[in-house]
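Visitor: I would like a close look at a single part of this structure, taken slowly and with its surroundings in view.

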Amino acid sequence: MKRKWIILLIITVLLITCIVKFLRADDRPKVIVVLQDLDSQYSNIMKAGAEKGFREFDIDGKVIAPPYGSTADVQAAMIKNILKEHPDILVVSPFESPVVLSNLKKAVETKTPVVLLDTDVPLKNRTIHIGADNFELGRIAGELLASQLHPKDEVVLIAGDLTSTVLNKRIQGATFSLETAGIKIVEKLVELPFRPLDVKEEMTRILQQYPNIKGVFAINDVMALNALEVIKKHGNTVPVVGTDGITKMVESIEDGTIPSTVAQNPYDMGYISVETAWEVIKGERVRKNIDTGVDIITKDNAKLKLDFLKEVLK
């Protein structure tokens with residue numbers, strides 16, 4: 001009889017524990033993070049930071065995104081559907097698009113706090129923007145590239161889609177630094193409407209047209225790495241500066257292919273967005289902008305950066 005009572009007591013304790021955990025899960029604040037994709041390493045670093053925030057602040061959170069290469073309409077539709085779930089906070093790295101902005105406005109109108117992550121858009125009454133200052137990012141990148149060159153040296157800027165405010169500011173910042181240092185920008189590679197920029201093709205042309213090119217700045221690491229591949233193929237060695245600090249770019253520094261680059265902090269962006277969401281849920285006042293800064297990656301700290309990336313992406 002005594003043994004039966006002990007077994008019954010154990011079962012009761014386990015049942016109560018399960019019920020408490022279930023109720024506690026239901027009571028947790030709900031935060032949904034919408035990124036632009038989950039195929040790029042940059043976005044997955046951001047996702048890792050957000051998920052750390054979910055764990056540390058005991059938040060019922062999830063990170064979602066449209067498939068890589070999707071139009072802004074797909075992200076807009078995702079946001080529209082998410083609002084039906086009534087999250088406590090909506091965190092979005094938005095496409096710069098009227099249709100996405102329209103659905104974010106609906107979120108604000110329904111009293112859902114909106115945290116803008118990485119990309120800022122003109123959303124009135126947004127809660128906060130968390131990300132790098134893109135003009136400053138470009139300025140530091142241009143300054144870093146110029147420090148490895150001489151006045152009147154020729155460089156090319158891989159600008160991408162200059163209708164994007166984010167990318168335009170990066171190019172403005174880089175142009176400011178390079179021109180201030182007396183560096184000659186011979187060409188800006190721009191993406192034309194309905195014609196994606198083929199960096200490898202354009203870099204092949206650039207090297208033929210301007211054989212004295214001494215450096216390259218690209219608005220993201222994918223474009224920087226494509227340019228670097230063409231440069232190496234032609235037997236050239238020139239500094240190439242990107243902006244994201246993804247693994248392959250940092251490995252190119254560690255193996256001596258390029259001397260340095262600049263890097264945003266997507267992990268910090270993801271983590272701070274969830275931390276800020278938690279503060280908003282608790283009723284705390286938050287700033288309108290948090291600048292997550294820019295790092296300079298060189299041979300001295302490349303291994304440390306690679307070890308960090310390996311840890312967060314495992």
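Which residues lie nearest the centre of the largest pocket, and how many residues line that pocket?

Guide: In this predicted model, the largest pocket is lined by 42 residues, and those nearest its centre are Gln 36, Tyr 68, Phe 95, Leu 167 and Asn 220. Its volume is about 1,600 Å³, and its lining divides by class into 16 nonpolar, 17 polar and 9 charged residues. Three helices, H2 (41–56), H6 (165–180) and H8 (221–233), each supply at least two residues of that lining.

In the loop between H2 and strand E2 (60–64) lies Asp 58, whereas Arg 28 lies in the loop between helix H1 (2–27) and strand E1 (30–34). The side chains of Arg 28 and Asp 58 meet in a salt bridge of 3.8 Å, N to O, so the pair ties together parts that are 30 residues apart in sequence. Arg 28 is partly exposed at 27% relative accessible area, and Asp 58 is likewise partly exposed at 27%.

As for the setting, the structure holds 14 salt bridges, and the chain comprises 11 helices and 12 strands, with 49% of its 314 residues counted as buried.

Conventions: Residues numbered from 1 in each chain as written. Predicted model: local features only at pLDDT ≥ 70, side-chain atom pairs only at ≥ 80, totals over all residues. Heavy atoms only, no water. 1 Å grid on protein atoms, 1.4 Å probe; cavity = no way out; pocket = protein on both sides within 12 Å on 5 of 7 lines; lining within 4 Å. Points joined across faces, edges and corners; volume = space filled by probe spheres on them. Helix = DSSP H or I, 4+ residues; strand = E, 2+ residues; numbered from the N terminus. Nonpolar A, V, L, I, M, F, W, Y, C, P; charged D, E, K, R; others polar. Buried < 20%, exposed > 50% of the residue type's maximum accessible area, 1.4 Å probe, protein only. Salt bridge = Lys/Arg side-chain N within 4 Å of Asp/Glu carboxyl O.
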